[in-house]
Amino acid sequence: MLVTWKYRPRDTFIQSLDPRARLTFMACVILAITATDVWDARLLLPVFAISMVLYFMARIEWRDVRRAWIFILVFILFIIGLNALLGGRGGPLSVLQDDSSVLYALSIPIPLTPWRINLTVTVVRSFFALVQMMRMITMAALAIPIPYTIDPSIYGVTFRRMGASDKLSFTMDLAFRFVPTLGRDFMITMDAQRARGYELESVRGGLIQRLRRLAPLLVPVTMQAIVNGEEVIDAMDLRAFGARRRTWLRELHLRQRDYWFMALGVIILVIMMTARILGYGEFWVPGFWYRLVGT
Amino acid sequence: MSDQPVLQVINLSFRYHSRPDIAIEQISFDLQPGEMLLVAGASGCGKTTLARCINGLIPRSYHGDRSGSVLVKGREVSQMSLVEVAQQVGTLLQDPERQIVSSYVVGEIAFGLENLGLPREEIYRRMDEVFDRLNLNHLRERETFTLSGGEKQKVALAGVLVMRPAVLLLDEPLASLDPASAHEAIQIFRSLADEGTAIILIEHRVEDALQARPDRLLYMENGRMCYLGAVDTFPKELNYHAVKLPAPWVVQRVMQEKKPSLMTVLPQPANPQAEKLVSFKNVSFAYGDGPEVLHNINLDIRQGDLIAVLGPNGAGKSTLVKHAIGLLKPTRGEVLIKGVDSREQSVAQIARSIGYVFQSPTHMLFAPTVREEVAFGPENLKFDKQDIQRNVTESLSVVNLVGMEGYPPLGLSFGQQKRTTIAAVLAMRSEIMVLDEPTAGQDYANYTRFMDMLCRAQDGEGRSLLTANFKATLFITHDLDLAVTYANRILLISEGRLVADGSPESVLRDFTLLESCRVRPTSLLRMNLELLPKTGHFLPAEALAPYFSDAYSKSNHSISAGL
């Protein structure tokens, strides 16, 4: 099948937590390592370690997450890693205005223009790339387990309990309900068009051309979804959806461990904020790095 | 039954703002607690509009001019709040797939009660009741997407019943079910009525609906009431072309009217010596690492075959047919298409030999015009331009869509869309036609018209569209009467096995076998078997009339025996 949810019940600490606690913790950590502008690896490393420990505690099978990790690592390495390594972009001023030893320099002429691209890897930028990747992996390790470890049936109630409206929250549940239907419709349409000699492999060319070649798949699936949508709305109206404040049958209870977990997130955020206010957290290159990269 | 009607419909008329014609006109009836009213009629007769007036979707979601009144327990529906209507009128929509809004069974059944804002204890109490009432406890922890069609419908029904409606509105509840599941559903509806729920059963398959023993019948045509009354006798107002009636009723009417029967081409018997087109040799199949879903299938599709593939939902009918068109390749054994292993051919190559018409036209129609839609297949198969043009013109002429070439297929009526899909396959010049549930989604009048178009004699030699254009035809169906009337060979599939393969007259006489495969014998089959010594082969109900002797015809009782 095209769409399957990878969630399965596991007897782990992570899955015993209330999803609100996990989302709150994740929000705190993401804020702590992005919004506070802390670049000091000595502060970021413990957060990275906590995130990795939590990831491994979730005990998700590698074959389930392999594709997600490969995608994220490739993304981080090539886009963010190279960007940071070569230009120091996305980093603090000290990295942009860096005058440390040059490890490697390359100047590539742009054909037919008088300009050149100058790529200069310095000691500072090489360590900055490392820190930047560490920040990204910290966030990825918290986010990737979510679909594997939160029961799809409690997203709606989770958002409701976090203050979203009934309608918005139930939209989450509806999405989980109808994505597999959409996947199944897509497969049927794919089979129907293949039986008419259509081959997806032959979809080549520019964007417009590709879209035209994809129309035999996209139009029927979209039409089907619209037709279904109208009946679903009728079905919901007929059972009084949205008529008054609804009860959510599924109950969520914050237990002591959830409060501790949220507190950990808040502590991380407060430490980072305080560090910044007190003037700590600037980008820092350890001495050993100079020795390691040979300058 | 008490004397106080739970539902009163008084001189109800409605016209949609978006359409010029009036949808329903001067409808009046009432319904007592525990009474079951069967509402029958062809597509467009106003059944759905009537349902929307009763459940309050008109005037809330669909706007138009409404006159007359609909009173539930004495209160006008259009003046009740959504919450109030939802607790009085429960509606089961035609397709449970679209009615179910929750990923889990428990969530689905609780949905309405959650929307009413009831306390959790009350919701659980009512859910327990309905789980017990409909014997659904084994489905409690299931995901709704994984349920079978019959299970989905029971869950959808539970989600309605849990709100304790005084009136239950069932809108073509049998349409998406296989015969055995439909029979179970009918038993449930009957027992609900016996327990005091007033039921409106909207269904064009009157023969099946009669098994629920409705108290009265409302028959509609063009938005008007043609008949309202008892169903124990066959009302003369009923048009047997518009709704599916029991075969004895049809025979009785044909004999009274003394009209010649329709000239449907009787299928020639299958010839076991004819040219082999497709061969299944020891074919087994499993999806990935999953359990085997086809077990050791052996069969040959030969020239002249008109095969009906019968069996319950999930038996493996579609999986079997997908092997013939190369969409699936066997895990063990081989499928030979014109002598070549399907593994050595792409789906596009096989499409030159076998054309497949999927169940729902909306799954395949996409092009801006009918012409482009029909040309899509031949273009993919790299036919040259002149051939494409000729094929398209000829195919559209065969399915009677000349003049519609420039229309958008998605703007056509359902019947025209089905014909466009047939033309799309015709234009590919395939040798074998495969039809998946050719009658699904159509009412009786439309599907008999559609099947007549495919099977009625078209040329001087008495050949039909199918026999003139294809060497063999294979259709998957739940409709046993379709197999009785149009096939010359039956494949009976159960749990991934081919349990019977032979002529309709030989396979369909074994009722024990049929029932073990969840195929329910119909009145037409019973009547045909009874008359087989005289007829020699199976016939449509109308063609059976001449075989009844005068003495036989005078006795309604004898004819009704087939019911």
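This is a predicted model: local features need pLDDT of at least 70, side-chain atom pairs count only at pLDDT 80 or more; totals for chains, interfaces and linings use all residues.

Visitor: How many residues does the contact take from chain B and from chain A?
Guide: Chain B contributes 58 residues to the contact, and chain A contributes 54 residues.

Visitor: And how much area do chain B and chain A bury between them?
Guide: About 5100 Å² is buried between the two chains, with 58% of it on carbon and sulfur atoms. Within chain B, the residues that lose the most area to chain A are B:Arg98, B:Arg120 and B:His363, which together account for 16% of what that side buries.

Visitor: What about salt bridges across the interface, how many are found?
Guide: The rule finds eight salt bridges between chain B and chain A. In one salt bridge, the side chains of A:Asp191 and B:Lys322 meet at 3.4 Å, N to O.

Visitor: Which helix gives the largest share of the side of chain B that touches chain A?
Guide: That is H5(B), with seven residues. By class, this side of chain B has 34 nonpolar, 17 polar and seven charged residues.

Visitor: Changing topic: why is H13(B) described as largely enclosed?
Guide: Eight of its 11 residues are buried, so H13(B) is largely enclosed by the rest of the structure. Among the buried residues are B:Val370, B:Phe376 and B:Asn380.

Visitor: What covers the buried residues of H13(B)?
Guide: The cover includes helices H9 (166-194) and H10 (207-238) of chain A, as well as helices H14 (385-398) and H15 (414-426) of chain B.

Visitor: Which residue with a positive phi follows H13(B)?
Guide: B:Lys382 follows H13(B), and its phi is near 60 degrees.

Definitions and conventions:
Residues are numbered from 1 along each chain as its sequence is written. Chains are lettered from A and ligands numbered from 1 in the order in which they are written. Side-chain values use heavy atoms; hydrogens and water are left out. Contact means heavy atoms within 4.5 Å. Buried area is the accessible area (1.4 Å probe) that two parts lose on being put together, summed over both. A salt bridge is a side-chain nitrogen of Lys or Arg within 4 Å of a carboxyl oxygen of Asp or Glu. Helices (H or I, at least four residues) and strands (E, at least two) are DSSP runs, numbered from the N terminus. Ala, Val, Leu, Ile, Met, Phe, Trp, Tyr, Cys and Pro count as nonpolar, Asp, Glu, Lys and Arg as charged, and the others, Gly among them, as polar. Buried means under 20% relative accessible area, exposed over 50%, partly exposed in between (1.4 Å probe, protein chains only).
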